[in-house]
Structure formats: structure tokens, C-alpha cells
Amino acid sequence: MEFAWNSDQEAVRQRAASFASEFLAPHAATWDQEESLPEGVLRACARSGLTGLTVPKEMGGPGESTVAYALAITELAAACSSTAVTVAVSSMVAETIANIGTPEQRERYLPSLLSGEFPAGSFALSEPGSGSDAGSLRTRAEIKGEQVFLNGEKSWITSGPFAGVFVVWARTGEGEGSRGVSTFLVEPSDPGFEVGRKEEKMGLRASPTVSLNFDDCRITSDRLFGEPGRGFRIAMQALDGGRIGVASQALGIARAAIDAVERYYEVHPHRRGAYEESRLAHMKSEFAAARLLILQAAWLKDEKKPFSAKAAMAKAYSTEAANTICQEALDLLGEDGCTNDYPVERLFRDVRVTTIYEGTSEVQRIVISRSFLSEAR
Ligand SMILES: Cc1cc2nc3c(=O)[nH]c(=O)nc-3n(C[C@H](O)[C@H](O)[C@H](O)COP(=O)(O)OP(=O)(O)OC[C@H]3O[C@@H](n4cnc5c(N)ncnc54)[C@H](O)[C@@H]3O)c2cc1C
């Protein structure tokens with residue numbers, strides 16, 4: 001057994017860390033206040049090979065491991081979690097297109113996602129009234145010969161305003177609930193497609209979250225993604241990997257919070273007593289436990305072993321631990337923790353959503369329980 005990532009993975013981590021310290025960290029607070037992320041930065045991130053890290057080399061991708069991906073997302077999130085979530089969702093879209101797409105679909109979308117020509121890819125599953133219970137989605141797709149007509153609304157979709165491709169789930173009628181859902185690739189210029197209302201969020205404010213409207217949105221049938229009626233499975237597989245990304249994002253935010261407390265004590269040494277030391281020790285222990293769970297899930301995915309339950313454990317544990325760490329950091333800074341003179345209040349706001357999206361902690365526990373129940377049978 002070895003508890004270290006290899007030199008290739010370390011090289012990716014260092015690349016992400018230097019990109020983050022040069023291009024993200026100096027601006028993250030301003031982007032949060034302005035509620036926008038410069039598209040040029042996202043393009044630069046893709047050009048630095050940090051988007052779609054796990055897309056195989058034979059498909060034009062960097063062909064890096066999931067372990068390297070987890071390390072990279074942690075570095076990006078420690079500097080700017082809005083950028084990290086954009087890259088994580090785009091990477092999930094790119095990896096899913098690499099896994100499921102036809103050769104034509106891969107050729108049409110992967111180069112643009114990997115080169116930064118598309119600042120981002122978007123994952124459109126949730127709807128008003130259909131979040132945790134994704135199988136109850138109501139958007140419909142009618143396949144008529146060579147054409148498909150989409151009607152419905154998606155909500156809370158990350159990167160909607162600047163995504164170049166949307167992976168969209170819609171009901172095609174092969175069955176009830178999670179059966180009878182198919183997946184389609186939609187482009188922003190498709191007729192009948194419109195980006196709707198932008199949410200006013202407490203955190204991740206630089207990452208736009210919007211609704212999408214499909215009003216007889218017309219696409220050609222070659223945009224069907226995967227087999228008809230098998231869309232739910234595509235979503236669940238993508239989310240298994242995506243959860244490693246969200247867990248890594250939370251870990252990066254937690255590290256930034258711990259670093260901020262350490263920096264604060266350098267300037268205010270009189271505030272660091274035995275009581276504070278003990279709380280800091282607990283934060284660091286939680287961070288270390290979360291990191292191990294994430295790396296284990298990522299390693300299992302790389303080894304092509306079952307990793308779904310471990311990814312759910314990593315997501316639930318890391319995001320809950322990161323929330324506790326950020327709350328502790330805010331408390332330790334006292335009144336200074338509540339001002340934007342220090343990054344902790346932004347980290348505290350940014351980390352909150354990580355227990356919610358790509359499956360709430362309760363949903364992760366359902367995934368974990370089911371895996372144990374099926375093992376017991
Ligand atoms: C900032 C942000 C970005 C997002 N980005 C995207 C995106 O890019 N694409 C996308 O498709 N979606 C996105 N989402 C949506 C997100 O995935 C959903 O918010 C999430 O799945 C939870 O769904 P919900 O909000 O409808 O809550 P609900 O499902 O209504 O859950 C409400 C509460 O009930 C609990 N609950 C629900 N069902 C159960 C159950 N069976 N057992 C126990 N407890 C349960 C939940 O844990 C939660 O605490 C985003 C959300 C946010 C906040």
C-alpha cells in the first residue's frame with residue numbers, strides 16, 4: 001500500500017496550483033463581488049490543459065488520471081471556487097462525451113471544450129420540482145424522423161450563459177419515472193432554446209446559475225446522446241465521477257480556510273492559545289480524513305473498480321467536513337471573520353452549496369446504503 005500520488009499527478013497539481021495563484025487568487029474576491037467570471041480566464045484554464053483532464057489522449061485530451069483531476073480541482077478551488085465548479089462541470093461534460101458520444105459527437109464538441117473555444121460545458125438535469133428525485137423530470141422530447149423537439153424548463157444550471165454545449169435530459173416516453181428518459185446535446189444557437197433567469201446566490205456568486213427554457217427547441221436526431229430511454233443511467237454514471245469533483249472542490253475551500261486562519265495568527269499571534277490550537281488541530285484532521293476518502297474514490301475509478309459508494313462517501317464526508325472547517329475558521333477570526341477584509345466569509349458562503357448540488361448529503365447516504373444492501377444480498 002502506498003499513500004502518495006505519483007510524479008505525473010504531482011506535475012498536474014503543480015500546474016493547477018501555479019495557474020490558480022497567478023490567474024485566480026488575486027481576483028477571486030472581486031469576481032465574487034461583481035458576480036461574474038471572465039470568459040478569458042476559463043479559456044486560459046482550458047488552454048493550460050486543466051479542463052477535461054481525464055479525456056483520453058486518443059481523443060485529443062490530456063489523458064490524466066482521476067487522482068490528478070482531484071488534486072487539480074482542489075488547487076483551483078482553494079483560489080477561486082467559482083472557477084473550480086465551472087471547470088469541474090465542464091470536465092464532467094467532456095468526460096461523458098468521451099465515454100458515451102458517437103465519433104461525430106466527440107469530434108464536434110471535445111476539441112472546443114478542450115481548447116477553450118467553448119468557455120464551458122453545462123449539465124442540465126435539474127428542473128423546478130425535480131432535484132433529488134431526478135427521475136421525475138418533466139421536460140419532453142419528441143423524436144419526429146430526423147428532428148427532435150424539446151419542451152420544458154431546466155433550473156439551477158451552472159455555466160448556462162456561456163456554455164457551448166448542454167447535456168440535456170428529457171422524457172421520451174419509453175416508460176415511467178427514471179425509465180423513458182433520454183439524453184440530448186443542445187447548442188446555445190438552437191432555435192427555441194433560451195437562457196432564462198439568473199439566481200441570486202449566497203455563494204459561488206461568480207459562477208452563473210440559470211434556468212433554461214425549451215420552447216419547441218428543434219435539434220437534429222444525431223444529437224441524441226447514448227441510447228434512447230437510457231438517459232437516467234448516463235446521468236447517474238456522470239454524477240458518480242462528478243461527486244469526486246465536488247468533494248475536491250470542498251476540500252480546496254477548506255484548505256483555503258485553514259491557510260487563512262494560519263495567516264491571521266501570524267499577524268495576530270496573541271489570539272493563538274491552546275484552545276485555538278486544539279480547534280485548528282481538529283480542522284486539519286478532518287481535512288486529512290476527507291482527502292484520503294477522495295483519493296481512494298479517485299484511485300478506484302482509475303483502476304476501473306466499483307467506486308460509486310466510495311465517491312458518495314467522499315462527497316458527503318468532505319463537503320460536511322469542509323462546511324465545519326469554514327465555520328470554525330470564521331469563529332476563530334472572531335469579528336474579523338465576518339468582514340470581507342479576510343477571505344473566510346467568502347469561503348464560508350462558497351462552501352455551503354457543496355453539500356447540496358450533485359446530490360445532497362442525504363442522497364449520498366442513500367447511495368451508500370444501497371451499495372451495502374446489494375453487497376449483503
Ligand atoms: C449553486 C447550484 C448549482 C447547481 N448546478 C446544477 C447544474 O449545473 N445542473 C443541474 O442539473 N443541477 C444543478 N443544481 C441543482 C442541484 O443538483 C439540486 O439543487 C440538488 O440536486 C437538490 O435538489 P433540490 O434543490 O430540488 O432539493 P430537494 O430534492 O427538494 O431536497 C430538499 C431537501 O430534502 C432532502 N431529500 C430529498 N429527497 C430525499 C430522500 N429521498 N431522502 C432523504 N432526504 C431527501 C434533501 O436532502 C434536501 O435536504 C445546482 C444547484 C445549486 C444550488
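These are my notebook entries on a predicted protein model, written as I looked things up.

**Entry 1: ground rules**

I am working with a predicted model, where local features need pLDDT of at least 70, side-chain atom pairs count only at pLDDT 80 or more, and totals for chains, interfaces and linings use all residues. Residues are numbered from 1 along each chain as its sequence is written, and side-chain values use heavy atoms, with hydrogens and water left out.

**Entry 2: the whole chain**

I began with the overall layout. I found 11 helices and 8 strands in the protein chain. Here helices (H or I, at least four residues) and strands (E, at least two) are DSSP runs, numbered from the N terminus. The radius of gyration is 20 Å, close to the 21 Å from the globule rule for 377 residues, so the chain is as compact as a globular protein of that length. The C-alpha trace spans about 75 × 50 × 40 Å along its principal axes.

Next I looked up burial. Of the 377 residues, 55% count as buried. Buried means under 20% relative accessible area, exposed over 50%, and partly exposed in between (1.4 Å probe, protein chains only).

**Entry 3: salt bridges**

Side chains of opposite charge can pair when their charged atoms come close. I counted a salt bridge when a side-chain nitrogen of Lys or Arg is within 4 Å of a carboxyl oxygen of Asp or Glu. How many salt bridges does a search of the whole structure find? The search gives 23.

I picked out a few pairs:

- Arg-43 pairs with Glu-39, with the closest N and O atoms 3.8 Å apart. Both sit in helix α3 (residues 39-47), 4 residues apart, about one turn of the helix. Arg-43 is partly exposed at 26% relative accessibility, and Glu-39 is partly exposed at 34%.
- Glu-95 pairs with Lys-301, the closest N and O atoms being 3.0 Å apart. Glu-95 is in helix α5 (residues 81-100) and Lys-301 in helix α8 (residues 274-302), so the pair ties together parts that are 206 residues apart in sequence. Are Glu-95 and Lys-301 buried or exposed? Both are buried.
- Glu-320 pairs with Arg-365, with 3.9 Å between the closest N and O atoms. Glu-320 belongs to helix α9 (residues 308-332) and Arg-365 to helix α11 (residues 361-376), so this pair ties together parts that are 45 residues apart in sequence. Glu-320 is partly exposed at 31%, and Arg-365 is partly exposed at 42%.

I also noted a network of salt bridges that links Glu-10, Arg-13, Glu-75, Arg-255 and Asp-259.

**Entry 4: patches on the surface**

Patches are made of residues with over 30% relative accessible area and no salt bridge; like charges are joined within 9 Å, and nonpolar side chains (Val, Leu, Ile, Met, Phe, Trp, Tyr) within 5 Å. Accessible areas come from the Shrake-Rupley method with a 1.4 Å probe, and for residues only the protein chains shown count as cover.

Which residues form the nonpolar patch? I found Met-1, Phe-3 and Leu-292, with about 460 Å² of accessible area together. Phe-3 lies in the segment before α1 (7-24) and counts as exposed at 66% relative accessibility.

A patch of negative charge on the surface gathers Glu-104, Glu-107, Glu-146 and Asp-222. Lys and Arg count as positive and Asp and Glu as negative, while His and the chain ends are not counted. The place of a charge is taken as NZ of Lys, CZ of Arg, CG of Asp or CD of Glu. Asp-222 is in the loop between β7 (209-220) and β8 (224-225), and is exposed at 54%.

**Entry 5: loops**

Most residues other than glycine have a negative phi. Leu-204 is in the loop between β6 (193-198) and β7 and is buried, with a relative accessible area of 2%. Lys-304 has a positive phi too, of about 55°. Its place is in the loop between α8 and α9, and Lys-304 is exposed at 76%.

Last, I checked Gly-160, in the loop between β3 (147-158) and β4 (163-171). Gly-160 is buried at 2%. Gly-160 and Ser-211 are 51 residues apart in sequence and 7.7 Å apart in space, C-alpha to C-alpha.

Note on methods:
Rg over C-alpha atoms; globule rule 2.2 N^0.38 Å.
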